[in-house]
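Hi,

Here is the structure for you to look over. My notes on the sheet, the helices and the pockets follow below.

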Amino acid sequence: MDFKGQVAIVTGGGRGIGRAIAEGLAKKGVNVAIADINLDAVNEAVAAIAALGVKAIGIQLDVSNSESVKKTFDDMRREFNRIDILINNAGITKDNLLIRMKEEDWDSVVNINLKSVFLCSKEAIKDMSKQRYGRIVSISSVAAFMGNAGQANYSASKAGIVGLTKTIAKEYASRGITANAVAPGFIKTAMTDVLPENVKEEMIKLIPAGRFGTVEDVANAVIFLASPDSDYITGHVIHVNGGMYM
Ligand code: NAP
């Protein structure tokens with residue numbers, strides 16, 4: 001995988017899966033912008049990534065806010081003057097059964113998880129179209145494909161990413177831009193650490209591999225789709241779930 005001189009932006013790159021993706025790209029020589037709402041996490045990630053010998057910058061970003069997205073990409077253009085890779089990773093959960101789910105919890109999950117992919121892709125495609133090259137990888141979820149009780153907002157937002165990804169793939173393939181998604185199963189991060197132990201034990205019974213995934217399991221698939229080696233793959237989803245859904 002030859003990433004020489006490339007530039008990536010990873011939303012929600014301050015911690016968890018996003019940080020592992022950013023570190024994985026940096027280890028391949030990619031210059032990285034960590035764009036996250038959590039400034040402490042951004043600063044910590046930038047220090048760790050810069051130590052890998054690439055250029056790393058941190059930007060405080062709210063992916064659901066169009067002004068914040070626009071400012072982020074303007075900062076990117078000033079710093080790097082190109083954008084090769086967009087990783088749409090930032091995401092949240094606000095779980096509840098459908099009839100108890102507040103409208104504001106529906107809106108914030110859909111805006112942060114799905115509208116964000118529309119806003120960030122729209123900005124990145126401006127640069128990628130001019131370059132005639134780009135890789136967009138968005139993080140969906142197994143919940144998009146199986147549904148999950150208590151996650152109406154989350155599973156709808158993650159399923160929306162798949163439709164949006166296929167449409168971007170069709171619209172921009174002729175410009176050398178690919179758009180793909182990675183759908184993780186249960187991955188060990190802060191998002192899943194909060195689950196009660198008995199729920200985690202029940203989940204592991206559903207996973208043929210018999211374990212939760214690691215952030216590196218997800219990052220490895222994302223890095224392949226972000227690389228020049230995946231040139232003829234677009235509009236697809238790679239499932240990273242230990243066989244839980246196939
Ligand atoms: P995480 O540990 O909670 O990290 C998410 C990062 O995104 C955090 O740094 C968070 O900031 C940031 N963020 C939240 N809202 C944001 C916003 N509005 N704008 C910019 N950044 C924002 O999550 P993760 O487990 O690594 O998950 C990463 C992605 O994978 C998400 O899209 C998630 O839905 C997806 N996923 C995760 C799993 C899993 O099992 N973990 C499974 C399937 C899919 P704060 O620190 O302030 O929260």
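**Sheet, helices and pockets**

Ala181 stands opposite Val237 in β7. This is a predicted model, in which local features need pLDDT of at least 70 and side-chain atom pairs count only at pLDDT 80 or more, while totals for chains, interfaces and linings use all residues. Residues are numbered from 1 along each chain as its sequence is written, and side-chain values use heavy atoms, with hydrogens and water left out.

Strand β6 (residues 177-184) runs parallel to β7, and four bridges join the two. Strands (E, at least two residues) and helices (H or I, at least four) are DSSP runs, numbered from the N terminus. Two strands count as paired if DSSP finds at least two bridges between them.

Now the pockets. A pocket is an open set of points on a 1 Å grid over the protein atoms alone, where a 1.4 Å probe fits, with protein on both sides within 12 Å along at least five of seven lines; lining residues have an atom within 4 Å of a point. Grid points are joined across faces, edges and corners, and a volume is the space filled by probe spheres set on the points.

The largest pocket has a volume of about 1,100 Å³. Of its 45 lining residues, Gly91, Ile92, Thr93, Tyr154 and Met191 are the closest to its centre. Elements that each supply at least two lining residues include α1 (16-27), β2 (31-36) and α6 (152-172). The lining divides into 25 nonpolar, 15 polar and five charged residues. Here Ala, Val, Leu, Ile, Met, Phe, Trp, Tyr, Cys and Pro count as nonpolar, Asp, Glu, Lys and Arg as charged, and the others, Gly among them, as polar.

The second largest pocket holds about 220 Å³ of space. It is lined by 14 residues, with Arg19, Ala20, Glu23, Gly24 and Glu216 nearest its centre. The largest share, six residues, comes from α1. This lining has five nonpolar, three polar and six charged residues.

Best wishes
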